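Please open the model in a viewer and keep the selection tool at hand. The stops below are given in the order in which they may be visited.

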Amino acid sequence: MVSNRLPVKIDSDGSATRTAGGLASALEGAKIDKEQIWVGWPGGAEGDFDDTSKVKKSMQEAGMFPVFLTQDDLDGFYEGYSNSTLWPLLHYMVERAKFSQDWWDNYKLVNQKFADAIMEVAEPGDQVWIHDYHLFLVPSMLRGMEKGLRVGFFLHTPFCSSEIFRVLPNRSEILKGVLGADVIGFHTYSYMRHFRSALLRVLGWETEMEGLWHDGREVHMGVFPIGHNHIGFEREMAADDFMDRVQKHREALAGKRMILNVERLDYTKGIPQKLGAMRRFLENNPDKRDNVLFVLIAVPSRQGVKEYDELTEDVQREVGAINGEFGKVGHSPVQFLHRGFPMADLAAFYATAEVCLVSPVRDGMNLVAKEFLDCQRPELIDRPGVLILSEFAGAANELAQALHVNPYDVDEVANSLNRALEMPDDERLTRIDAMQSRLRKQDSGTWAKLFLKHLDKVPHRDERVVVMQMKPLAKKIAKQINAGKKLSLFLDYDGTLRDFVDVPDDAIPDEHLPPLLRDLAKHPLISLAIVSGRPPEFLETHLGRLGATLVGEHGYRWLEGGEGEWKLFNPYVSTEWKANILEHLEQASLLTPGTHVEEKQSALVWHYRKADPEFGHWRARALLEELTSMAANLPVTVHHGQKIVEVSSLQVSKGQAVDHLIDLWKPDMALVAGDDQTDETMMALTPENTEFFTVKVGKGSTRAKHRTDITGLRVFLEELRQALK
Ligand code: GDG
């Protein structure tokens, strides 16, 4: 377990006290039946401890590993980048977010301290579960260090809309940082959706619903709604003195009806808006003023930070104003309790409250809502309670039978308070029952188990596994060549030997590729062909005169040995269909900014790589449908490739070209590699008397027997070159 804070705070003398807050409280209930070490900050500044090694030793005995932070770290990483940049931004509060290069530098530094600490304690093959926005960069930092760890990351806050997220100056680094994980978890589907759209909008990376293929690995994403510490509350409520606590509350209430509010004093929790709704309720309902008591438990949080101190003062002032206006001798309608309570007391508050008002303006999940419902027991109270819940809390997704409110709409909240108080008992019970059964099953223990189970399913591999699979294949093939067998290599170019870029003409070979291809092609037992959709000019300019045969335009033309005259595989290809389709594609291009049509001899290609990704994708699908029906009686095939829609002659395919070359070269072995749908025509061949190897580069369905990524294929080719005599 890795979180910014350990679940305990260590004082300078080494003594420990438990910390409050959602993460600590949920994880306390998430006992896992595995040996566990918890890595985190022990509280305080490094300089405050008399002897850090002593603290470290005693904590290690308790299953914890402290990451000590200096005062500079606390200022830059914690108060700065984590709490003054990321926290407000992830909660949609752009105007509160502050940016500083120094904070960012320190955030990176501290994330590295955490990564180093993990590497110190983790054993090869361990599961590492990293929590929350303080540690966004740690997953990718662990990737550089080869221990075969399985890394999970869970975000406890919302993930804001990509329109907000892109405000962050370090948005790309943050996204790439978290993508180092094998599984990334969110509370709700909409947070996951926002994250996916940030990947698309910020990095231009498309994802599937369940994840993406990144850096040669699959990164899974999932929705894992956190539960509360059910066992913990159960324990408190079963204690002998619990009924005494409940009784004390009831006596103190003296028949008044309690409307309970529990939260950390944080601006995301919507306390000023809530006070506005209380005021409106008291204005509108004079008959209830004297027998309703708002209990406002606000646990101090981030004290000493200006904004939090100001918020505390504002709340105190407004509570005073409401009490001044609506109170009378012996009764103040709002009780502001600015401190934390033991869990047992909290359970007694939950059990005796008639209404719980949970009205954050943004909240990742909100556990208070779940805890309140759990602690409602018919045997303890006269009347079941009612939950009023903000639609901006993640919990609103699950707790459908709560009264949902928009916390900014003061009238709606005030009316809901009245509705809750007036609600008949049978309706209250039906609502509570429906929610209770679910949340007791889905407590924090179940949540942790489900997340870790998912992480367990991730194939156990280290970073270089993609490459490793290809190495034995290279060795096997080289061995046969060294024994006198002939090999033909058919390699696609874009997405196979070279990554995609925005402007296709910029995708020229890197410096290592031409010598590699030349070395392979000059071997007397190897014939090599680059089989591409590119036009002849590009291929000849960048890959000509290396000894490799070039096949262009998806198998329409070829240049034997990479020099001389281009020839046609089939001189009788019909192209009469082109005029009509060209007009259609050009229209689509005019209506979709960032797209263009490329005309080839035997094909037409509509490119949308530079269009708005979602709009381009939508238009491509529409186009695909239109073209398929237009092409029904034409000798063409329509296909949707990497950011292209292509209409090409049926008489031309990479498969047909490769078939032709295999006939010509008569190799003992042939290997084809490609990433695209058009490469599947090569994979589908079944050459006689030739051992045939098929390699798919990247994700997607395929007939190929092997799969790798661009780096993996490159390593394969290098390995082959090396192993040849
Ligand atoms: C973050 C996300 C997400 C409160 N007062 C006392 C006390 N608490 C405990 C509650 C509850 C926890 O603190 C508060 O949890 P929340 O979920 O409401 O909110 P955050 O602290 O903001 O937590 C949040 C959570 O992480 C988990 O993923 O739900 O959205 O912001 O458990 O019981 N505990 C004790 N005394 C108090 O006075 N003992």
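Select Lys 654 first: in this predicted model, its relative accessibility is 2%, so Lys 654 counts as buried. Because Lys 654 belongs to helix H23 and Asp 679 to the loop between S26 and helix H24 (680–683), the bridge ties together parts that are 25 residues apart in sequence.

Now display the whole of helix H23, residues 654–665. This helix lies across strand S17 (487–491), S18, S19, S20, S26 and S27, and runs at about 165° to S18.

Next, show the sheet itself. It is an open sheet of eight strands with mixed pairing, in the order S21-S20-S19-S18-S17-S26-S27-S28. Which strands are at the edges? They are S21 (567–568) and S28 (706–708), each pairing on one side only. Helix H20 (residues 536–543) also packs on the sheet, where it touches S18 (526–531), S19 (549–552) and S20 (557–559); the direction of H20 makes about 155° with that of S19.

Within the sheet, select S26 (residues 669–674) together with S27 (residues 691–697): these strands pair in the parallel sense over six bridges. Ala 673 stands opposite Val 695 in S27.

Move on to Asp 374 and Arg 440, whose side chains meet in a salt bridge of 2.7 Å, N to O. The pair links distant parts of the chain, with Asp 374 in helix H14 (residues 367–375) and Arg 440 in helix H16 (residues 425–441), 66 residues apart. Asp 374 is buried, at a relative accessible area of 0%, whereas Arg 440 counts as partly exposed at 29% relative accessibility.

For a linked group, select Arg 257, Glu 354, Arg 383, Asp 425 and Arg 428, which are joined in a network of salt bridges. The structure holds 48 salt bridges.

The last stop is helix H3 (residues 71–90) with helix H4 (residues 101–121), which pack at an angle of about 110° with their axes 8 Å apart. H3 is therefore roughly perpendicular to H4. Residues making the contact include Phe 77, Tyr 81 and Leu 86 of H3 and Trp 103, Trp 104 and Tyr 107 of H4. By class, the contact of H3 with H4 has eight nonpolar, seven polar and four charged residues.

Terms used: Residues are numbered from 1 along each chain as its sequence is written. This is a predicted model: local features need pLDDT of at least 70, side-chain atom pairs count only at pLDDT 80 or more; totals for chains, interfaces and linings use all residues. Side-chain values use heavy atoms; hydrogens and water are left out. Axes are lines fitted to C-alpha atoms, for helices over the stretch in contact, and angles run from 0 to 180 degrees between N-to-C directions. Helices (H or I, at least four residues) and strands (E, at least two) are DSSP runs, numbered from the N terminus. Angles under 35 degrees count as roughly parallel, over 145 as roughly antiparallel, 65 to 115 as roughly perpendicular and the rest as oblique. Contact means heavy atoms within 4.5 Å. Ala, Val, Leu, Ile, Met, Phe, Trp, Tyr, Cys and Pro count as nonpolar, Asp, Glu, Lys and Arg as charged, and the others, Gly among them, as polar. Two strands pair if DSSP finds at least two bridges between them. A salt bridge is a side-chain nitrogen of Lys or Arg within 4 Å of a carboxyl oxygen of Asp or Glu. Buried means under 20% relative accessible area, exposed over 50%, partly exposed in between (1.4 Å probe, protein chains only).
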